[in-house]
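Reader: Hey, I'm new to this one. Can you put it up and walk me through it?

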Amino acid sequence: MVQLSSACAIYSNWWPLLSALMYVLVPMPCMFFGGGTTQFLTSRDGGGWIDAAKFLTGASAVGSLAIPIILRHANLIGTGAMFIEFTSFFIFVCTVLCFHRASLEDEW
């Protein structure tokens, strides 16, 4: 989130905050359909709700990358702001992967 606000403040444009909406939507399928864990993403078990959760997680992840590209293509943000948003997405993905790894190793 700090990276996104930097992209907004540096370039005096608040359009990049649309990506923050996608960052809020990415963990929602895990919370609602996966029981709060990320283990359902790597399982082959299916079902209506599990498949919907996988689809929604993928769609919101792709949307997190697509929004800055679309905004740059429409000349609403600059190239620098787009790359700052990509950096924040990379940091967000690394955080999610670390959480996933920690939740797999965590045995209660």
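Reader: So how do the elements of the chain run from the N terminus on?

Author: Starting at the N terminus, the order is α-α-α-α-α. Keep in mind that this is a predicted model. The chain has 5 helices and 0 strands.

Reader: And what share of the 108 residues is buried?

Author: Buried residues account for 30% of them. As for contacts with a separation of 6 or more, 57% come from residues 24 or more positions apart.

Reader: What does UniProt list as "transmembrane region"?

Author: The UniProt entry, which is unreviewed, gives residues 20-41, 53-71 and 77-99 under that name. In the model, the 53-71 span is 100% helix and 0% strand, and its end C-alpha atoms are 27 Å apart. Residues 77-99 come to 91% helix and 0% strand, with 31 Å between the end C-alpha atoms.

Reader: Ok, inside now. Which residues form the largest nonpolar core?

Author: There are 6 of them: Met22, Ile67, Leu71, Ile77, Ala81 and Met82.

Reader: What does isoleucine 67 touch, leaving out residues up to four places away in sequence?

Author: Isoleucine 67 is in contact with Leu18, Ser19 and Met22. Leucine 17 is 50 residues from isoleucine 67 in sequence, yet the C-alpha atoms are 9.8 Å apart in space.

Reader: Where is leucine 17 found?

Author: Leucine 17 sits in the loop between helix H1 (2-11) and H2. This leucine is partly exposed, at 38% relative accessible area.

Reader: Then H2 itself. Which of its residues are buried?

Author: In helix H2, residues 18-25, those are Ser19, Ala20, Met22 and Tyr23. They're on the same side of H2, because the arc they cover around the axis is only 155°.

Reader: Back to H4. Is serine 60 buried or exposed?

Author: Serine 60, which lies in helix H4, is buried, because its relative accessible area is 5%, and the cut-off for buried is under 20%. Setting aside residues up to four places away in sequence, serine 60 touches Met22, Leu25 and Val26.

Reader: What about alanine 52, where's its place?

Author: Alanine 52 is in helix H4 too. With a relative accessible area of 25%, alanine 52 is partly exposed. From alanine 52 to proline 29 you count 23 residues in sequence, and the C-alpha to C-alpha distance is 8.2 Å.

Reader: New topic: how many aromatic pairs are there?

Author: The count is 1 aromatic pair. Phenylalanine 83 and phenylalanine 86 make up this edge-to-face pair, with 6.1 Å from centre to centre and 70° between the planes.

Reader: Why does that count as edge-to-face?

Author: Because the planes are 70° apart, and anything over 60 degrees goes into that class.

Reader: Where do phenylalanine 83 and phenylalanine 86 lie?

Author: Both are in helix H5, residues 79-105, and they're 3 residues apart, about one turn of the helix. An α-helix has 3.6 residues a turn, so residues three or four places apart point the same way.

Reader: Is cysteine 98 buried or exposed?

Author: Cysteine 98 is exposed, with 54% relative accessible area. Cysteine 94, at 32%, is partly exposed.

Terms used: Residues are numbered from 1 along each chain as its sequence is written. This is a predicted model: local features need pLDDT of at least 70, side-chain atom pairs count only at pLDDT 80 or more; totals for chains, interfaces and linings use all residues. Side-chain values use heavy atoms; hydrogens and water are left out. Rings of Phe, Tyr and Trp (its six-membered ring) pair if their centres lie within 6.5 Å; planes under 30 degrees apart count as stacked, over 60 as edge-to-face and the rest as tilted. Helices (H or I, at least four residues) and strands (E, at least two) are DSSP runs, numbered from the N terminus. UniProt positions are given in the numbering used here, feature names are shortened, and annotations may be inferred rather than shown by experiment. A nonpolar core is a set of buried Ala, Val, Leu, Ile, Met, Phe, Trp, Tyr and Cys residues joined through side-chain atoms within 4.5 Å. Buried means under 20% relative accessible area, exposed over 50%, partly exposed in between (1.4 Å probe, protein chains only). Contact means heavy atoms within 4.5 Å. The arc is that of the directions from the helix axis to the C-beta atoms.
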